[in-house]
Amino acid sequence: MRFHLPLRRVWPLVTLLACLSMIRLAPAVARSDSGGQCDRLGVRDTAALERCLALHQDDVGLLIDLGRQMERRGDRVQAEELYRRALRFDPHDPEVHVQLGTLLLARGDRAGARTEAREALKAVPHNSAAGQLARLAGEPE
Amino acid sequence: VNDTGGLTIWLRTCGRALNTAFFGFTAVYCVLTFSPFAYEQFIQPHVIAWLANFVFLYAYFYWLALCVTALSLVPVMKSRVAPFAWAYLAIGASVGIAITIHPVLPAGNSAAHSLAIAFASLAPLFWLGAIDHGSRVQFADSSKPHVWQPDLLACGLTAVFVWATYAVLAAWRLWRGALIDSAGALAMGITISAVVHLTAAVIVYLALCSLHRLFEAEVGRRWLAAARVVVFSAAAAFLLRRIVLLPIAVNGVASWALAAGLGAALVYSISGMAHLHSHRPRSRRAAVSVVLLLPAAGVILLNSVDRFDWGFMLQKLSALTVAAAACAAFHTLVRGRSGGPTRTDLGVPVVVTTLFVACTVTAPRLPIWLHDDRLDPTFALDAYAAGDPSFRVIRELLYADGLPQTGADFFSFLRANTSIREAVGPVPIDFVKTFESVQGPNPNVFVFVVDSLRRDYLSPYNPAVTFTPALDAFARQSYAFERAFTRYGGTGLAVPSIWAGSMLLHRQYVTPFAPMNAIAKLFDAHHYRRIMSVNHISAELFGFPDSVTQLNRGVPEMSHTMCGTLEELESDLDAHRGDPRPVFGYARSLDLHIGNTRFAPVPAGERYPGFFEPYAARVRRLDACLGRFTTFLRHTGLWDNSIVIVVSDHGDSLGEGMRWGHGYTVFPEVIRIPLLVHLPPTLRARATTDVARVAFTTDITPTLYALLGESPEPPRLEAGSPLFSLGTEALTDRRHEAFVVASSYGAVYGLVRENGGRLYIADAVDGRDYLFDLSRPGEDVRIGITDAERLASRALIRDQVADLAAWYGRQ
């Protein structure tokens, strides 16, 4: 079998390939960068957390993570500020209350720690960590 | 064969169509048995009742098909293909005798057997196709065979026709179900659908035109029919693999082989039937009738399959069928319009493709230009596609692997770790090294798993619900976990993962299951008397030694109701009042399975505005029976010494985004579940918990360990942990951890994080991903996803899936 392939015979194929190429490329052209460059999950170093926080200022998880980092570095003032900021976005998050209460207790502020423990227990009556904090802070049973 | 009777040819065609349907369906049945999940979840529990009848009566159907085929072969018995026809009948009769004596359909326990029968059942289609192609059929009114040519106008008319049909239908369906945000979003969907349909039409036209041009010389024309069969077979194979096989978890080489075989057999058989009509003048009147009737046929097809579909599979196939019929009809109507392709035929595809590119590029910018977030194409077009299966299928094909979020490597990884076929041994799941010798009596434990029960149909989770008073009362004396999730969308792995207290390797099933059966180990060690529902999963994995009391014995699985099961349970408890051993009662009911609710009647006088009424009516009935059981426990003095857990193995879609059932998805309505736990007063006094913390079905078994005095330590990250602390152990801190969830039946995985407030979904079947905000009470909101979130979520899913595989010794 002999085939001759003059342009007259291959134009549909050429057009088809051109059209398919355009269709394949279109989504890439359309792509717009809709988000920031924050790897919100799995980030553990302070600089990356701060970058993320700049993009997601209301992310309570990030605020807690960064607060813990600050605590580890001994910067309790900054940590407290971060926890309090987290509570502005989610006043009922027991984990933040417990975290803040623990920090206050470590600083010697037992009344503050009791308040945070009460807030945590108000949000989640059976929270064991909050119960433990309340006991440590001297809250009567 | 000289045949002047059109009626004879039509009868012969009908006979051939019946034969094709029979053997095609035989092959499909074998494919279902080849897919472990399809076998375990469709065939074993008899979800489709007539499928069991098909298997039971298979030999009779076979003989019927053979008799019809024999009649259809009468006209060729004196032609040059007669020896092939006689041979077909002789071998067919021999096979018929053999399968009458010894049933041949596979039972799902041998992949090789399923594959062999699937391919063997395609042989008759090729054989009869060859006979039809070899037949010379001539009509008295026509001596020249009709040469079919692709026509741009016909392809264009097909696109407009199909688009218009489904656009009207989609608008009606979406507005009726309030599933689209705004008229603007609907208009956007309809407009882009028009462009997408035209683009598909020009691609089909160019492909067919290329074929014809390459074979237009006389030397090539002889090969044109064969080339057309090859190209159509390849297209059919591609579509079958994409639309049918991948969604039922048939992956890898087997999926390509099955798709190629099925596609080629169907195309060859259909082209053989078409060959019988090739000398016959095409009737424009018949074509007009087809065009007029198709919209109604499309609506009927769609409405008959949409509530019992599998990832829109049947809806997509129905749309493709309508499009194929429309294309044939329009080609008949425009026949003889021109002598072949012209310059216009070159220009139109270029214009349409440019329009497509322009739409694709501008659509994402519309929300900014028009200051309307509802026009975000990601959401607007997804919503529109839910109502328009034609748009859905073309969009998936046109954008396949082109979407920025696709991530072929990641999705390949997920598929490779899903529905694993190779033999894998069990791993020991031990929450404790040795069991404590607990002093004093143990409480009874009752675990009720309600298949497909949604949390928002229970008043403890949704104040708008007024039809579950018993569960409302139960919840007031219990703990209602607010953010409970199943680890698996779909019963197949959800139920075994409850027993194991852990995620499991994605295989149905790793056996023997005993080393992983943590709940059985607990109750054996504490000498519990077991009373359990018998179903195909518990029978296969748990086993039923003589000491276990079986509930629902002899009752078809799809008829396992909570009321019937609890009545049996009450009778058994009454009969064993003197038995000092504590009881572990386990029941799973299928009252709410989509197979039971989709067309279930609503009792007269009952109304459930805002809810799917057949489902709500069954929830009411189930609630009453659970209420009667708790009353029974109180009257018999067992209530204050019993742990009672009410949970579902997964939720269900009831029309969200036109989705029904749970299929292979992990959308919020499928993985969010109710979890209610009642504790005896003695335990309640000591236990602390955090009901607002994210909880999983895999926590149930370790929770029972803790409540029975053990000190469980989760063996892996993928294992659950206790939901209660009895004072000695603190609850694990998981509010800011990320947890993988998965579909039991497909390569679809999710990541639950931010204490259950966020759900990322990676769908490796459809090549898409989604992000949901679950933090707002009463609504699950789909939100945009950034590249960083996508990458991070995928990395976490990959890590956990790889970790799970490594646990089982897979690399």
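# Reading the strands, cavities and backbone of a predicted model

Q: Which residue is the bridge partner of B:V740 in strand 16 of chain B?
A: In this predicted model, B:V740 is bridged to B:L751, a residue of strand 16 of chain B.

Q: What makes strand 15 and strand 16 of chain B a pair?
A: Pairing requires at least two bridges between the strands. Strand 15 (residues 739-743) and strand 16 (residues 748-753) of chain B are joined by 4 bridges in the antiparallel sense. The two strands are therefore counted as paired.

Q: What is the order of the open sheet of 7 strands, and which strands of chain B stand at its edges?
A: Its order is 2-11-8-1-7-5-6 in chain B, and the pairing is mixed. The edges are formed by strand 2 (479-480) and strand 6 (549-551) of chain B; each has a single partner strand, so one side of each is without a neighbour in the sheet.

Q: In what sense do strand 1 and strand 7 of chain B run, and how many bridges join them?
A: Strand 1 (residues 444-450) and strand 7 (residues 583-589) of chain B run parallel and are joined by 6 bridges. Within strand 7 of chain B, the residue opposite B:V450 is B:S589.

Q: Across which strands does helix 25 of chain B lie?
A: Helix 25 of chain B lies across strand 1, strand 7 and strand 8 of chain B, and runs at about 175° to strand 1 of chain B. Helix 28 (residues 700-707) of chain B also packs on the sheet, where it touches strand 1, strand 8 and strand 11 (675-678) of chain B. The direction of helix 28 makes about 170° with that of strand 8 of chain B.

Q: How many cavities of 30 Å³ or more are counted, and what is the volume of the largest cavity?
A: The count is 4 cavities of 30 Å³ or more. The largest cavity has a volume of about 100 Å³. It is lined by 14 residues, and those closest to its centre are B:L504, B:H506, B:Y749, B:V801 and B:L804. Helix 29 of chain B gives the most to this lining, with 4 residues.

Q: How do the residues of the lining of the largest cavity divide by class?
A: The lining has 11 nonpolar and 3 polar residues, and no charged ones. Tyr counts as nonpolar, and B:Y749 is among the residues closest to the centre of this cavity.

Q: Which residues line the second largest cavity?
A: The lining includes B:F448, B:L471, B:F474, B:G627, B:T630 and B:V646. Helix 19 (469-476), helix 25 (613-635) and strand 8 (642-647) of chain B each give two or more residues to it. Helix 25 of chain B gives the most, with 4 residues.

Q: What makes the lining of the second largest cavity partly polar?
A: By class, it has 8 nonpolar, 2 polar and no charged residues. Gly counts as polar, and B:G627 belongs to this lining.

Q: Why is the peptide bond from B:Q508 to B:Y509 called cis?
A: Its omega is near 0°. Another cis peptide bond joins B:T511 and B:P512, with omega of about 0°. B:Y509 is found in the loop between helix 20 (491-500) and helix 21 (518-525) of chain B, and B:P512 is found in the loop between helix 20 and helix 21 as well.

Q: How do you know what confidence the predictor places in chain B?
A: The mean pLDDT of chain B is 89, and 94% of its residues reach 70 or more. Over residues 401-405 of chain B, however, pLDDT stays under 50. For chain A, the mean pLDDT is 78, and 79% of its residues reach 70 or more. The complex is given an ipTM of 0.77 and a pTM of 0.83 by the predictor.

Conventions
Residues are numbered from 1 along each chain as its sequence is written. Chains are lettered from A and ligands numbered from 1 in the order in which they are written. This is a predicted model: local features need pLDDT of at least 70, side-chain atom pairs count only at pLDDT 80 or more; totals for chains, interfaces and linings use all residues. Side-chain values use heavy atoms; hydrogens and water are left out. pLDDT is the predictor's confidence in each residue, from 0 to 100. On a 1 Å grid over the protein atoms alone, a cavity is a set of points where a 1.4 Å probe fits but cannot get out, and a pocket is an open set with protein on both sides within 12 Å along at least five of seven lines; lining residues have an atom within 4 Å of a point. Grid points are joined across faces, edges and corners, and a volume is the space filled by probe spheres set on the points. Contact means heavy atoms within 4.5 Å. Axes are lines fitted to C-alpha atoms, for helices over the stretch in contact, and angles run from 0 to 180 degrees between N-to-C directions.
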